[in-house]
Amino acid sequence: MAIDMAKMKAKLQELENGGKSKSDNVWWRPQEGDQDIRLVPTEDGDPFKVYHFHYNLGEGARGGVLCPKRQFGENCPICDFASKLWQEGTDDSKKMAKSLFVRQRFFTPVVVRGEEDAGVRVWGYGKTIYETLLGLVLNPDYGDITDVDNGVDFTLTYTLPKTKGAFPQTNLVPKRKSSGLAKNKGAIKEVLEAVPQIDTLFQRKSATEVKAILESFLDPTSGPFSEGSSVSSVDEAIKELSA
Ligand SMILES: [Zn+2]
């Protein structure tokens, strides 16, 4: 059986990062206003990667915790705890349960037009955009929007909220004309070879590790993280999700 080069590349990537996930420069976040982006295909034929996270677990778990249950079919102490809270049925317990329930987040490699030098980065987005993108792919007028020769660029408009507590808005409009991913075959090949392995960007945690995160969140004095969570971090995370 032949060696899977993509897996080898992922291993190398992990090694170069000291066994840790890649640093911040692999992530792309939209800036306020308009930007043109191109979604980049992945080797496995599915550029829309779905991950399940728990958020709002304090400073020790910034960026979220991958849910062992929804992501890997294992036990999840946070899911269990959140359903218990929900069943308690008080306003407070339900509010906290909601903030801890698992959330879906989607990731796709992108090239930002005009910032091609920054390479292929990973864009994380919420369910509404995911539905929009899937809808376009399944629409015969568009089809494979990531096609390296005949795909489409998108104009993404990112609008920050004008009032406090409101959510930022992301609007995606596909270009009328299809285009190539890059200017020639060689450049396209280079882009495709630089697609980050999204799986290596998140740390998989065992049920035991997840339990420790939950415990130190519930009792910040007992765990390694002295900073607890606050209501504002809940708001932040929810804002982030709806973006
Ligand atoms: Zn969970």
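## Helix α3

At 1.5 Å a residue, the 12 residues of α3 should span 16 Å, and the 17 Å between its end C-alpha atoms agrees with that expectation. The model described here is predicted. Directly after α3 comes G89, which has a positive phi, near 80°.

Buried positions in α3 are P77, I78, C79, A82 and L85. The elements covering these buried residues include β3 (49-54), β4 (65-66), α2 (68-72), α4 (91-100) and α7.

## Packing of α3 against α7

Helix α3 (residues 77-88) and helix α7 (residues 207-218) have axes that come within 8 Å and cross at roughly 45°.

On the α3 side, the contact involves P77, I78 and F81. Their partners in α7 are A207, V210, K211, L214 and L218. By residue class, the contact of α3 with α7 comprises 7 nonpolar residues, no polar residues and 1 charged residue. Two of the α3 residues named in this contact, P77 and I78, are also listed as buried.

## The chain as a whole

The chain contains 8 helices and 8 strands. Of its 243 residues, 38% are buried. Its accessible surface comes to about 14,400 Å², and carbon and sulfur atoms account for 50% of that area.

Among contacts between residues at least 6 apart in sequence, 64% join residues at least 24 apart.

Definitions and conventions. Residues numbered from 1 in each chain as written. Predicted model: local features only at pLDDT ≥ 70, side-chain atom pairs only at ≥ 80, totals over all residues. Heavy atoms only, no water. Axes fitted to C-alpha atoms, helices over the stretch in contact; angles between N-to-C directions. Helix = DSSP H or I, 4+ residues; strand = E, 2+ residues; numbered from the N terminus. Contact = heavy atoms within 4.5 Å. Nonpolar A, V, L, I, M, F, W, Y, C, P; charged D, E, K, R; others polar. Buried < 20%, exposed > 50% of the residue type's maximum accessible area, 1.4 Å probe, protein only. Areas by Shrake-Rupley, 256 points an atom, 1.4 Å probe, with all protein chains shown as cover. Expected span 1.5 Å × (residues − 1).
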